[in-house]
Amino acid sequence: MPRPLHPRTQLSKESIFSHMSRLAAQHGAINLGQGFPSNPPPKFLLEAARRAVGTTDQYTPPAGLPKLREAIAEDLGVEAENVVVTAGATEALHALAEALYGAGDQVLMLEPYFDVYIPQAKMAGAEPVLVPMRLRDKWEPDLAVLERTISPSAKALLINSPYNPTGSIFSRTDLEKIVAIARQHDLWIISDEVYDELYFGEPPIKMRELAPERTFTVGSAGKRLEATGWRIGWIVTPPGLAGEIAGMRQWASFCSVSPLQDAVAEALPIARREGFYAELRQSYGKRKDLLESGLKSLGIQTFSPAGTYFLTAKLPNLDAETLVREAKVTIIPGSAFYAQNSAPEGLFRFAFCKKTDEISLAVERLGQYLHVRQ
Ligand SMILES: Cc1ncc(COP(=O)(O)O)c(C=O)c1O
């Protein structure tokens, strides 16, 4: 047997989302765990991809197909020269981790956190520092604790709004305080906005509009266009930094899949023009209400999301793996989103990007299970 792999491979363990999806398939459970939609992507996206295969097939520049950089810039109201196309938001976050911090540095993030943030910070050699959100009847950031936690080693702050898993959208007041803190301590802001079009009330505020000089915005065509496997995402950089960020990501994947970049470039203006996102919000709003009212009717405490397709709820004394096996319902345990502090007792995350009959059946199965357990 040759020598062992590098100790960094401790980070290689299966993600909770893949694990729970595998268990769901094994036990024939309804999968309200992993956040991928049951809907197919829109026809205009699929047709654009069919046209692009066979015409756009070779390498694109590492910063992305110029046509896609322009389409993203047009959609977001930014300059194309500040846009870098990546292989999904995951690679965007990875490229930023590589470009913004390293050994001896700290990266601040809120807890609960989306699972890629910590391994990516560690792969870059940095230390993730988590600041817990408060949960009473709703989720709130504790900015006083955030500020107290900052040390001279802190280099960046990771924010996610609309927020996975809590569904929170940060208020202008909170974002302005975050910007003031970042300016005072000279921190980069990584603003993960992959759910920017998924909100149920007021649209989220774009962090880059408050702090254009230090904000890197991360976006995802997979999330926006219901094609999570396509792996097309983007970064909007502060002015003048796109070249270096693209230069970093070229060493990982060089460029994203070129015909799919072309298809997304075609689809983004169509989605905007034809009201695709408004339809999606309406459809997800209905599914949110269906899930939330169903859970409430079972006496379960829910924390209504302002955005995303996730809902958190408290089901005390239940275990996610037992639920898959015995209730045939898959949801993600709150502990999956906590690394430093303990998750609130009984916290679970439900994904409602699923068909309405799947959501109804999941609620029915949970009801039966809870009834039998009483
Ligand atoms: C908050 C957040 N950021 C980033 C991602 C990754 O997005 P992508 O599929 O484009 O890599 C996800 C996916 O679930 C997410 O929830």
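The model is predicted, and local features need pLDDT of at least 70, side-chain atom pairs count only at pLDDT 80 or more, while totals for chains, interfaces and linings use all residues. Residues are numbered from 1 along each chain as its sequence is written.

The names of the elements also need a word: helices (H or I, at least four residues) and strands (E, at least two) are DSSP runs, numbered from the N terminus. Two strands are said to pair if DSSP finds at least two bridges between them.

Strand β15 covers residues 347-351 and pairs with β14 over two bridges, in the antiparallel sense. Besides the pair already mentioned, Ile332 stands opposite Arg349 in β15. With strand β12 (residues 310-314), β15 pairs over five bridges, again antiparallel. One of the residue pairs here is Leu311 with its bridge partner Phe350 in β15.

These strands belong to an open sheet of four, in the order β11-β12-β15-β14, with antiparallel pairing. The edges are taken by β11 (301-303) and β14 (332-333), each with a single partner strand, so one side of each has no neighbour in the sheet.

Is β15 enclosed or open to the outside? Five of its five residues are buried, so β15 is largely enclosed by the rest of the structure. A residue counts as buried if 20 or more other C-beta atoms lie within 10 Å of its own, as exposed if 12 or fewer do, and as partly exposed in between, with C-beta atoms placed from the backbone. In a regular strand the side chains alternate between the two faces of the sheet. Here, Leu347, Arg349 and Ala351 point one way from β15, whereas Phe348 and Phe350 point the other way.

Strand β3 (residues 106-111) runs parallel to β4 and is joined to β4 by six bridges. Met109, for example, has Leu130 in β4 as its bridge partner.

Which helices pack on this sheet? Axes are lines fitted to C-alpha atoms, for helices over the stretch in contact, and angles run from 0 to 180 degrees between N-to-C directions.

Helix α4 has a helical partner as well: α4 and α10 pack at about 105 degrees, with their axes 9 Å apart. They are therefore roughly perpendicular to each other; angles under 35 degrees count as roughly parallel, over 145 as roughly antiparallel, 65 to 115 as roughly perpendicular and the rest as oblique. The contact involves Glu91, Ala95, Glu98 and Ala99 of α4 and Glu244, Ile245, Met248 and Arg249 of α10. Two residues are in contact if their C-beta atoms, placed from the backbone, lie within 7 Å.

Let us look at one of these residues. Ile245 lies in helix α10 (residues 242-249), and Ile245 is buried, with 25 other C-beta atoms within 10 Å. Leaving aside residues up to four places away in sequence, Ile245 touches Val84, Ala95, Ala99, Ile235 and Thr237.

Helix α3 (residues 66-76) and helix α11 (residues 258-273) pack at about 25 degrees, with axes 8 Å apart. These two helices are therefore roughly parallel.

Finally, the whole chain: the protein chain has 14 helices and 15 strands. Buried residues make up 47% of its 374 residues. Among contacts between residues at least 6 apart in sequence, 73% join residues at least 24 apart.
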